[in-house]
Amino acid sequence: MGEGKKGSGGGEKSRGAPPTQEKKGGKAEEGGPAPEDAHKCCGCRFPLLIALLQLLLGVAITAVAFLMVTISPSLLARETPHWAGIILCVVSLLGFLLYCITYVPDERTSMQFIAKLLYFILCTVGLVLSVLVMAFSGHHYAQTNGFSCLKVGDDCVCTLDPRDPIARTFTYTGVSDCEEVTGTLKLYFLLQIALNLTQALVCALGAFVMWKHRYQVFFVGLQMGSPSFQHWQKV
């Protein structure tokens, strides 16, 4: 009689065991990262946030550059960096393409690999261009601070030292008032420095995250699951 009770008790325990294991398995599955979390960077889907910032900053840089051309059409290309803004807009469009094809840290298709490689290269190019624009804008901003300008016909002739007969002169054609050169144009140079500094930081962040996901994500094994238990098998 005692053995029969013991056997029946053991049978009851063995019947109650699978639900406990299933509950543990369910907790392990619930505790794992959600698939959508892998596509997020700092709470936002990558590279949507970075690409959006690149687009907005690229448009702003291009708009300020064209506003500078309206002051004087004789401004050089390095003084009106619309080319940098347009290139950075192209970089942002590639970032949106990466978002549309479902960004994942590890490349599963050749299209993802090519798009991520191009995005990394263009982010690096955008960083270099932004630094160049900052250098040119900073140089011209320092020059305009020391300008002494004189209105000659429809032009504005500026020199760094009016007492020096052989000092270099800068002629701005089509300027109605020299105040636009010494005041408004100087403000635009300062604005270009601020915009391109922000753009350089955004491009550096985009390139860093792309590099980090490419070279710091390691494959450690396969998770094998069964109705009764789960374990990791290294391959």
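I take a disulfide to be a pair of cysteine sulfur atoms within 2.5 Å, and I keep in mind throughout that this is a predicted model.

**Entry 1**

I then looked up where the two partners sit: Cys156 lies in strand 4 (residues 155–159), while Cys178 lies in the loop between strand 5 (169–172) and helix 5 (179–215). The two are 22 residues apart, and I note the pair as one that links distant parts of the chain.

For the accessibility of this pair, I noted that Cys156 is buried at 0% relative accessibility, and that Cys178 also counts as buried, at 11%. I record both as buried because each value falls under 20% relative accessible area.

I turned next to Cys149 and Cys158, which form a disulfide with their sulfur atoms 2.0 Å apart. This link is right-handed as well, with 105° about the S-S bond.

Counting the bonded cysteines along the chain, I wrote down the pattern of the disulfides as 1-3, 2-4.

**Entry 2: the cysteines left over**

I also checked Cys123, which is in no disulfide; the nearest cysteine sulfur is that of Cys203, 5.2 Å away.

**Entry 3: the aromatic rings**

I then went through the rings and noted that the structure holds 2 aromatic pairs. In one of them, the rings of Phe147 and Phe170 have their centres 5.1 Å apart and their planes at 45°, so I log the pair as tilted. Phe147 is in the loop between helix 4 (110–145) and strand 3 (148–152), and Phe170 is in strand 5, so that I describe the pair as linking distant parts of the chain, 23 residues apart.

On accessibility, I have Phe147 as buried, with a relative accessible area of 10%, and Phe170 as buried at 12% relative accessibility.

Phe147 also forms an aromatic pair with Tyr172, and here I noted an edge-to-face arrangement with 6.3 Å centre to centre and 65° between the planes. I checked the placement again: with Phe147 in the loop between helix 4 and strand 3 and Tyr172 in strand 5, this pair links distant parts of the chain, 25 residues apart. Tyr172 is buried, with a relative accessible area of 7%.

Putting the ring pairs together, I recorded that they link Phe147, Phe170 and Tyr172 into a cluster.

Note on methods: Residues numbered from 1 in each chain as written. Predicted model: local features only at pLDDT ≥ 70, side-chain atom pairs only at ≥ 80, totals over all residues. Heavy atoms only, no water. Helix = DSSP H or I, 4+ residues; strand = E, 2+ residues; numbered from the N terminus. Buried < 20%, exposed > 50% of the residue type's maximum accessible area, 1.4 Å probe, protein only. Phe/Tyr/Trp six-rings, centres within 6.5 Å; stacked < 30°, edge-to-face > 60°.
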